[in-house]
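Visitor: I'd like a walk through this one, and I'm going to keep asking how you know what you say.

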Amino acid sequence: MKIGIADTMFARANMGKIAIDAIWKESKKQGYPVEMERYTVPGIKDLAVASKKLFDEKKCDIVVALGFVGEAEVDERCAMEAGIGLIIAELLSGKHILKVFVHSCESKNGRELGKILKDRVEKHSVNALDLLFAPQSLVEKAGTGQRQGAENAKPLSLE
Amino acid sequence: MKIGIADTMFARANMGKIAIDAIWKESKKQGYPVEMERYTVPGIKDLAVASKKLFDEKKCDIVVALGFVGEAEVDERCAMEAGIGLIIAELLSGKHILKVFVHSCESKNGRELGKILKDRVEKHSVNALDLLFAPQSLVEKAGTGQRQGAENAKPLSLE
Amino acid sequence: MKIGIADTMFARANMGKIAIDAIWKESKKQGYPVEMERYTVPGIKDLAVASKKLFDEKKCDIVVALGFVGEAEVDERCAMEAGIGLIIAELLSGKHILKVFVHSCESKNGRELGKILKDRVEKHSVNALDLLFAPQSLVEKAGTGQRQGAENAKPLSLE
Amino acid sequence: MKIGIADTMFARANMGKIAIDAIWKESKKQGYPVEMERYTVPGIKDLAVASKKLFDEKKCDIVVALGFVGEAEVDERCAMEAGIGLIIAELLSGKHILKVFVHSCESKNGRELGKILKDRVEKHSVNALDLLFAPQSLVEKAGTGQRQGAENAKPLSLE
Amino acid sequence: MKIGIADTMFARANMGKIAIDAIWKESKKQGYPVEMERYTVPGIKDLAVASKKLFDEKKCDIVVALGFVGEAEVDERCAMEAGIGLIIAELLSGKHILKVFVHSCESKNGRELGKILKDRVEKHSVNALDLLFAPQSLVEKAGTGQRQGAENAKPLSLE
């Protein structure tokens, strides 16, 4: 199985490297046979076609798309355009793209934002492996308020 | 007939299980011959391609897509991207996806939000069965202000 | 010619029936040979694929898609997603879908909202017939501020 | 070369006629051999499929799509849906659609709004001819702040 | 390799020329064999189909799409429609479009806005070359907060 890693020069941390490290670590631990292909583009709006190219030209089976969203309102709108583009890219290829976006507005504190980013990238890297090799493990965690970049949410009472 | 159930780890309740239970119960009661296929993904933005895969790879005839929307403004925008993606997935496959979204902003009270969620998932599960086996029953309820997760709305006066 | 009527259970009035009555009345008056096919779905976001199915499976030549938009901000956003979906459905089929949306925010008075709804559905039903049988009649009304659900707008001065 | 003119009954001025007059006048002046095909639809959201039909059924080489946007917030959102639809229609056909939108919010004064409308429609009609017959003339005006419906903008200092 | 340059008459600076000059300079310096094809359109919403035509009719391998966004809220929404359209154009062609947008709201000072514009166009012109000829150089700058039209952002602490 081949995992594409699409990241950006715009991001304020090496999201691609964090993902690659997390995937090697987890795939080694689980004994999953994986290859990786990394593709870096300028910014978040370039991730959709980068993912398409990773599927079509590099024969990836899944892509982890790593985007960092700036502080301005324009940046948030770019994230929305990028998000729609990534979903269309998934529909055109019939394959998953883990859409890992970190928004500058999530924390004004750089250290905290860094923590959020690292946690989210690592957890979604494992999610990519699980989608490929252990989809049942996602079913087991269905509805459990899983969060990436934050503590998990509490379950709702259904009584 | 095969019904796909797409749900998420992000949700704060096991929406997939609620849907499956509701579909078994109703299909048994009505004597509808159904099979189900469940697919759990990380979050709401993954539901479009999950539905596509349920149609293409698992040969589902309809999908119930269960999404839970977080509290932040970013989450609401993700719901919009996901909604557009699900509609495009429907158009590409020519099949219905019941788009069952529960928004955290619908109630600050967890117990109430849980009630909304359960009612909406159960009613849309029955809607999925009706679309497949008894489309005429929807025509009979046309324009009657049917709500899922709330009381039905009052009819408008047309005099 | 076959006209598809797509409406919803969510709506607070039987929009499908109003459309069907208006189309029978007008087509009888004009001597247009029409057939109709009705399809009721849960809500506004289901209208795009319903229209697609009316074109592909029921061989309709045009669709009147009748949506009712709730009061919440979420409902308005759903209307936007539905609107984009309907336009994509038109582009994929190369056929018109009359997009007849009534928004709860148009009037707080139920009786007035009912009036708006009835007028809009009836006028767009006639528009559907005109697009099929008398496109020139639309050209004759071009730029005349035609409104559905309200009085026509005044022409602008071009001096 | 065949130019499609798509306009609406909703508009508060006969935008189609203004475009046709402008195109005849300019094409006569320049000696361009053009044919025109007019298609009037109810409102702005119908322009995308109208343009698609002008390309596919009427073999137009370019379309001038003339939309008028009402005053309500809902109208502005419809303009956005229409805009996305028109761009998708262009991508599906590989041909230009001049997207000529006049927004009611551009002026509260009807006479002024009429002026804006006339100027914008006329200038974009000429743009359509230039795209077909004299693309180099657009290159010559690149970056010169060309406005339709307003005075041209001033160039930025690049020192 | 052939680079398409799509720009607009709307822009308040000759963005196409800046891009062409930057690409000649850099490709000469690096010894990259490039050809260019320029295509000027009226405004930002025309860039998606212009890029599509540059790929399909002019056989370009990549496109630099240069858009200038006006001051009004309507202009910002047009930028969003254009952005979505450009991403869809990329997905349909499987090739990169550098989406270089300058927003009037980025500075009220014309001289400053001009500086932003020049820097952004030049840097993205080099990015286009790097994507074609030296993709590894983007990987080396991954996550380094690269900005076009502004100073680079500071790295986040990941401790």
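What follows is a chat about strands, helices, contacts and copies.

Guide: Ground rules first. This is a predicted model, where local features need pLDDT of at least 70, side-chain atom pairs count only at pLDDT 80 or more, and totals for chains, interfaces and linings use all residues. Residues are numbered from 1 along each chain as its sequence is written, while chains are lettered from A and ligands numbered from 1 in the order in which they are written.

Visitor: What makes β2 and β4 of chain A edge strands?

Guide: Start with the order: chain A has an open sheet of 4 strands, β2-β1-β3-β4, with parallel pairing. Strands pair if DSSP finds at least two bridges between them. β2 (35-41) and β4 (97-103) each have a single partner strand, so one side of each is left without a neighbour in the sheet. From one strand to the next the twist averages 15°.

Visitor: How do you know that β1 and β3 of chain A pair?

Guide: Set the count against the cut-off of at least two bridges: strand β1 (residues 2-8) of chain A is joined to β3(A) by 4 bridges, and the two run parallel. A:Ile3, for example, has A:Ile62 in β3(A) as its bridge partner. Strands here, by the way, are DSSP runs of E with at least two residues, helices are runs of H or I with at least four, and both are numbered from the N terminus.

Visitor: What about chain E: how do its strands line up?

Guide: There, 4 strands form an open sheet in the order β2-β1-β3-β4, with parallel pairing. Its edge strands, β2 (35-41) and β4 (97-103), each pair on one side only. Strand β3 (residues 62-69) of chain E pairs with β4(E) in the parallel sense over 7 bridges, and E:Phe68 has E:Val102 as its bridge partner in β4(E). Helix α1 (residues 15-30) of chain E packs on the sheet, touching β1 (2-8), β2 and β3, and its direction makes about 155° with that of β1(E). Helix α4 (residues 110-133) of chain E lies across β1, β3 and β4, at about 175° to β4(E).

Visitor: Why are α3(A) and α2(B) called roughly parallel?

Guide: Their axes come within 9 Å and cross at roughly 10°. Axes are lines fitted to C-alpha atoms, for helices over the stretch in contact, and angles run from 0 to 180 degrees between N-to-C directions. Under 35 degrees counts as roughly parallel, over 145 as roughly antiparallel, 65 to 115 as roughly perpendicular and the rest as oblique. α3(A) and α2(B) are therefore roughly parallel.

Visitor: Which residues meet there?

Guide: A:Ile87, A:Glu90 and A:Leu91 meet B:Ala48, B:Val49 and B:Lys52; contact means C-beta atoms, placed from the backbone, within 7 Å. By class the contact has 4 nonpolar, no polar and 2 charged residues. Nonpolar means Ala, Val, Leu, Ile, Met, Phe, Trp, Tyr, Cys and Pro, charged means Asp, Glu, Lys and Arg, and the others, Gly among them, are polar.

Visitor: Why is α2 of chain C said to be largely enclosed?

Guide: Because 9 of the 10 residues of α2 (residues 47-56) of chain C are buried. Buried means 20 or more other C-beta atoms within 10 Å of a residue's own, exposed means 12 or fewer, partly exposed is in between, and C-beta atoms are placed from the backbone. The buried residues include C:Leu47, C:Ser51 and C:Phe55. Their cover includes α3 (73-93) of chain B, as well as β1 (2-8) and β4 (97-103) of chain C.

Visitor: And why does A:Lys59 count as exposed?

Guide: A:Lys59 has 11 C-beta neighbours inside 10 Å, so it counts as exposed. A:Lys59 is in the loop between α2 (47-56) and β3 (62-69) of chain A, and its phi is positive, about 55°, although it is not a glycine. Most residues other than glycine have a negative phi. D:Lys59 has a positive phi too, near 60°, and with 11 neighbours inside 10 Å D:Lys59 counts as exposed.

Visitor: How do you know how chains B and C are related?

Guide: A rotation of 72° with 0.0 Å of shift along its axis superposes chain C on chain B, RMSD 0.0 Å. The two copies are thus related as by a five-fold rotation axis. The superposition is by least squares on C-alpha atoms of residues with pLDDT of at least 70 in both. Only 6% of the interface residues of chain C are also interface residues in chain B, so the copies meet through different surfaces.

How values were computed: Two residues are in contact if their C-beta atoms, placed from the backbone, lie within 7 Å.
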